[in-house]
Amino acid sequence: LSKKIQAIYLWWHKPVIDQELLQSLPNLKVIANSGVGMDHLDLKLVAGFGVKMANAPRAVSSSTADTGMALLLASARRLVEVYHIAHSSSMNYCEADILGVEVAGATLGIIGMGSIGYKIALRAKAFEMNILYHNRTQRKAQEEQAVGAIYCEKIDSLLQQADFVMVVVSLTPQTHNLIGKRELELMKSTATLINISRGAVVDQEALVRALQTGVIRAAALDVTYPEPLPRDHPLLKLKNVIITPHLGIKTDKAMYMVTEEAVENILAALNGLSIPNEVLPS
């Protein structure tokens with residue numbers, strides 16, 4: 001069937017796209033990804049075979065933003081910890097030991113203000129949060145005003161002021177270990193780090209040390225490196241961490257929309273039309 005295959009729909013990074021596979025599919029025209037992130041693909045290698053690539057950004061922004069806010073709220077109110085207390089046989093606890101932190105009036109720093117980051121800002125505004133953001137380019141004034149967001153040209157300024165720092169960037173060579181020891185030490189000791197981008201954007205060893213030593217209050221992670229973490233990983237043993245298994249876009253509606261968007265990209269490529277969400281190698 002290799003000569004008949006003209007398109008590949010990537011579902012959670014499968015099949016693995018390597019040189020061997022590309023060489024075996026001489027008539028391949030397009031690879032459509034089920035999501036936004038393309039860090040699992042060697043874009044230059046694929047382009048070198050004359051194959052176009054596309055992602056599905058429209059379908060995932062709302063569900064991913066919801067995941068980010070869910071993690072923020074769950075960490076602020078320590079939902080995982082109190083869930084276990086509520087289910088324990090004794091229910092013995094001291095109220096002072098389960099105090100959370102207020103979300104209303106707190107400052108959220110969003111690193112990466114693309115479509116997902118902006119939808120997080122919309123949600124955070126509804127929770128009466130103050131919003132800072134750092135991005136490669138500043139948003140238009142009317143977009144900032146709509147959510148009450150303030151632009152931080154330097155990431156350091158955001159880290160020093162935010163009570164919650166949410167990372168919403170793509171994984172690139174420039175963003176690998178974007179949040180490391182230095183960045184964590186710039187954050188408030190009462191701050192929470194939330195990562196809904198890619199695990200490798202955060203230096204996990206530095207994060208473990210920061211959480212163990214009180215450099216920051218807590219972390220909530222929908223992504224790790226690797227996924228899943230080894231069962232003996234220290235992050236899994238810390239009470240001040242919430243980890244979810246890359247929930248991101250996992251809703252019934254989002255999955256349907258992702259598939260529709262991928263099909264739209266594939267049909268455009270096969271019919272020689274402009275691909276709505278084509279991704280070019282940088």
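Colleague: Which residues is His134 in contact with, leaving aside its neighbours within four places in sequence?
Modeller: In this predicted model, His134 is in contact with Ile110, Ile111, Gly112, Met113, Cys152, Glu153, Lys154, Ile155 and Leu158, once neighbours within four places in sequence are set aside.

Colleague: Where does His134 lie?
Modeller: His134 belongs to strand 5, which covers residues 130–134.

Colleague: Is His134 buried or exposed?
Modeller: His134 is buried, because its relative accessible area is 19% and buried means under 20%.

Colleague: What does the side chain of His134 reach at 3.2 Å?
Modeller: That is the backbone oxygen of Glu153.

Colleague: Let us turn to Asp163. Where is Asp163 in the chain?
Modeller: Asp163 sits in the loop that runs between helix 7 (155–161) and strand 7 (164–167).

Colleague: And why does Asp163 count as buried?
Modeller: The relative accessibility of Asp163 is 18%, so the residue counts as buried, the limit being under 20%.

Colleague: Which side chain does Asp163 join in a polar contact?
Modeller: The partner is Lys188, and the polar contact between the two side chains is 2.9 Å. Not counting residues up to four places away in sequence, Asp163 touches Lys188 together with Ala106, Thr107, Thr190, Ala191 and Thr192.

Colleague: A change of topic: how much space lies in the second largest pocket?
Modeller: The second largest pocket holds about 390 Å³ of space. It is lined by 19 residues, and those closest to its centre are Glu81, Leu238, Lys239, Asn240 and Val241.

Colleague: Which elements give two or more residues to that lining?
Modeller: They are helix 4 (79–87), strand 9 (218–221) and strand 10 (241–243).

Colleague: How many residues of each class are in the lining?
Modeller: The lining of this pocket has 12 nonpolar residues, five charged and two polar.

Colleague: Finally, what does UniProt place at residues 69–248?
Modeller: The unreviewed UniProt entry places there the feature "domain: D-isomer specific 2-hydroxyacid dehydrogenase NAD-binding". Over that span the chain is 33% helix and 16% strand, with the end C-alpha atoms 11 Å apart.

Colleague: Which annotation covers residues 10–279?
Modeller: In the unreviewed UniProt entry, that annotation is "domain: D-isomer specific 2-hydroxyacid dehydrogenase catalytic". Residues 10–279 are 38% helix and 13% strand, and their end C-alpha atoms lie 14 Å apart.

Definitions and conventions: Residues numbered from 1 in each chain as written. Predicted model: local features only at pLDDT ≥ 70, side-chain atom pairs only at ≥ 80, totals over all residues. Heavy atoms only, no water. UniProt positions renumbered as here; feature names shortened; annotations may be inferred. Helix = DSSP H or I, 4+ residues; strand = E, 2+ residues; numbered from the N terminus. 1 Å grid on protein atoms, 1.4 Å probe; cavity = no way out; pocket = protein on both sides within 12 Å on 5 of 7 lines; lining within 4 Å. Points joined across faces, edges and corners; volume = space filled by probe spheres on them. Nonpolar A, V, L, I, M, F, W, Y, C, P; charged D, E, K, R; others polar. Buried < 20%, exposed > 50% of the residue type's maximum accessible area, 1.4 Å probe, protein only. Polar contact = N/O pair within 3.5 Å; in protein donor to acceptor, adjacent residues only side chain to side chain. Contact = heavy atoms within 4.5 Å.
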